[in-house]
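This report describes a protein model for a reader who meets it here for the first time. Please keep the sequence and the structure in view while reading.

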Amino acid sequence: MEKFDAAIIGGGPAGSTAALYLHKQGFNVCLIEKKTFPRETLCGEFLSQEVSNSLINLDLFEGFLSLDPNPITNFKFYDDNNDPIQTELKFTAYGIKRGTFDNYLLSAVKNKGIKVFQPGEVREIIHGNGLITLVIDNGYSPQKIFCDKVIAAYGKQNILDKKLNRDFTSNKSFLNGIKFHIDESLFNVLEKDTIQIFVSKGIYCGVNFVGDKKVTVCFLENRRKIQYNPRNQIKYLMEANKNFRLLFTKEIISAIDDLPPYGTGNIYFGKKDLVREGVYFIGDSSAVIAPFAGDGIGIAMQSAKLISDIFEKQRSNNLNNIQTELFYIQEWKKLFKKRLLIAKSVQNIIMNNSFRGIGYKIIRTFPGLLGYIIRATRG
Ligand SMILES: Cc1cc2nc3c(=O)[nH]c(=O)nc-3n(C[C@H](O)[C@H](O)[C@H](O)COP(=O)(O)OP(=O)(O)OC[C@H]3O[C@@H](n4cnc5c(N)ncnc54)[C@H](O)[C@@H]3O)c2cc1C
């Protein structure tokens, strides 16, 4: 029978960062992660400056650099077959596999002596007697732990959302995300210092080098436009966007069928509740930012810092639970609401063929706008 001040569900960037901050502030926390690490996950694997800033705050930046992430300082956007729009980034971003990055963060949690249940999947969240009980399935015997608060950092969609009766769960989106790691030898041209975005009708794709001889090729697509096989995205975009096709050597065609896809369907970019009965949502479980126009990992790590600041404020100012919950909602909105809205609008423009053409012309006429969009959606 173990009892914690807070239990964190999920060991992605949000969960691990929350564990590190709360532990630093003296809270007795634990983290439960269902998968064995390192594991891959859907992501463009472009880490913005916000991520670097969070790592610096946690004294983890030097260790991160020793993982040899790929520095990225330029941005190029290819709309159909048109010439690219490009800009220098005003910061150094990094490309790194999520398997490596998430494992690095979770290892830092373990190194601090924080209790980690892994593999362990939280199946139930039960309220009663002023405490919250979590039922953890570790593959052989269900285990129970007790806590005052729960931090849900379990990502964009989860069976627990339904169990908690969250409103958005009945929503159907037509957006699929798919990531591939493609060997650098299959590329004709590889601009390692550049994040490249390729767009066509109902689809966009981010391409960046992530070290270890691999290039991340990550799609977001409207599945009504493309047949279900996830590898069809590559073929579809090669046909629709000549700039994308020119990236690859002809050997890509025979290699496509062997590429393991990492992905998910039905990605929901709308509003979610931020607190429910003592369960505080952070990272993607609180909101998913449109990936082209925002940095989910940056937001995940910042929302983790926010929750630990809020719990500290509750403790030092003796706030009750209702005050604390309202305070969290208010501060979360101050930090993220505007940029989520801008990112979603940019994404809607990109996914709509007519708006995208107009947007492309406007940005060609006023190139400074591109820098503004990058700043407005990247914190
Ligand atoms: C197509 C696409 C491309 C993207 N590209 C980028 C990008 O280039 N850069 C960027 O910054 N962001 C990107 N993002 C967003 C980014 O991937 C997320 O914002 C980020 O992963 C959120 O981190 P998280 O910790 O909240 O959730 P996750 O990373 O999803 O972690 C959740 C963790 O919880 C665990 N878990 C789930 N359920 C349970 C349970 N019941 N019990 C225990 N553990 C559980 C999971 O195994 C997982 O490890 C992209 C998103 C999409 C959809």
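The model is predicted: local features need pLDDT of at least 70, side-chain atom pairs count only at pLDDT 80 or more, and totals for chains, interfaces and linings use all residues. Residues are numbered from 1 along each chain as its sequence is written. Helices (H or I, at least four residues) and strands (E, at least two) are DSSP runs, numbered from the N terminus.

## The sheet

An open sheet of eight strands runs in the order β3-β5-β4-β11-β12-β13-β10-β14, and its pairing is mixed. At the edges stand β3 (46–47) and β14 (262–264), each with a single partner strand, so one side of each has no neighbour in the sheet. Two strands count as paired if DSSP finds at least two bridges between them.

Within this sheet, strand β4 (residues 70–79) pairs with strand β5 (residues 85–95) in the antiparallel sense, over seven bridges. Ile72 stands opposite Ala93 in β5. The hairpin of β4 and β5 has five residues between the strands, and Asp80 in this hairpin takes a positive phi near 45°. β4 also pairs with strand β11 (residues 194–200), here in the parallel sense and over six bridges. The bridge partner of Phe75 in β11 is Ile195.

Further along the order, strand β12 (residues 203–209) and β13 form an antiparallel pair over seven bridges. Gly206 has Cys218 as its bridge partner in β13. Helix α6 (residues 232–240) lies across β10 (175–183), β11, β12 and β13, and runs at about 100° to β12.

## Helix contacts

Two packed helices are described by the angle between their axes and the distance between the axes. Axes are lines fitted to C-alpha atoms, for helices over the stretch in contact, and angles run from 0 to 180 degrees between N-to-C directions. A crossing is left-handed if the near helix is turned anticlockwise from the far one by less than a right angle, and right-handed if clockwise.

| Helix pair | Axis distance | Angle | Crossing |
|---|---|---|---|
| α1 and α9 | within 8 Å | roughly 30° | right-handed |
| α2 and α9 | within 8 Å | roughly 35° | left-handed |
| α1 and α4 | 9 Å | about 25° | left-handed |

Angles under 35 degrees count as roughly parallel. α1 and α9 are therefore roughly parallel to each other. Their contact (C-beta atoms, placed from the backbone, within 7 Å) involves residues of α1 including Pro13, Thr17 and Tyr21, and residues of α9 including Ile297, Met301 and Phe311. By class, the contact of α1 with α9 has 11 nonpolar, three polar and one charged residues. In these classes, Ala, Val, Leu, Ile, Met, Phe, Trp, Tyr, Cys and Pro are nonpolar, Asp, Glu, Lys and Arg are charged, and the others, Gly among them, are polar.

α1 and α4 (residues 98–111) are likewise roughly parallel to each other. Pro13, Ser16, Thr17, Ala19 and Leu20 of α1 meet Asp102, Leu105, Leu106, Ala108 and Val109 of α4. The contact of α1 with α4 comprises seven nonpolar, two polar and one charged residues.

In helix α2 (residues 49–57), Glu50, Val51 and Ser54 meet Ile297, Gly298, Met301, Gln302 and Lys305 of α9. This contact of α2 with α9 has three nonpolar, three polar and two charged residues.

## The ligand shell

Which residues come nearest to the ligand? Of the 36 residues around the ligand, these are Gly12, Gly44, Gly155, Gly283 and Gly296. A residue counts as near if its C-beta atom, placed from the backbone, lies within 6 Å. At least two residues of the shell come from each of α1 (13–24), β7 (121–128), β13 (214–222) and α9 (296–317). α9 gives the most, with four residues. The shell divides into 17 nonpolar, 12 polar and seven charged residues.

Most residues other than glycine have a negative phi, and most peptide bonds are trans. The peptide bond from Phe37 to Pro38 is cis, with omega near -5°, and Pro38 is found in the loop between β2 (29–32) and β3. Gln118 and Pro119 are also joined by a cis peptide bond, with omega about -5°; Pro119 is found in the loop between β6 (115–117) and β7. Asp59, although not a glycine, has a positive phi of about 60°, and is found in the loop between α2 and α3 (61–65).

How values were computed. Two residues are in contact if their C-beta atoms, placed from the backbone, lie within 7 Å. Angles under 35 degrees count as roughly parallel, over 145 as roughly antiparallel, 65 to 115 as roughly perpendicular and the rest as oblique.
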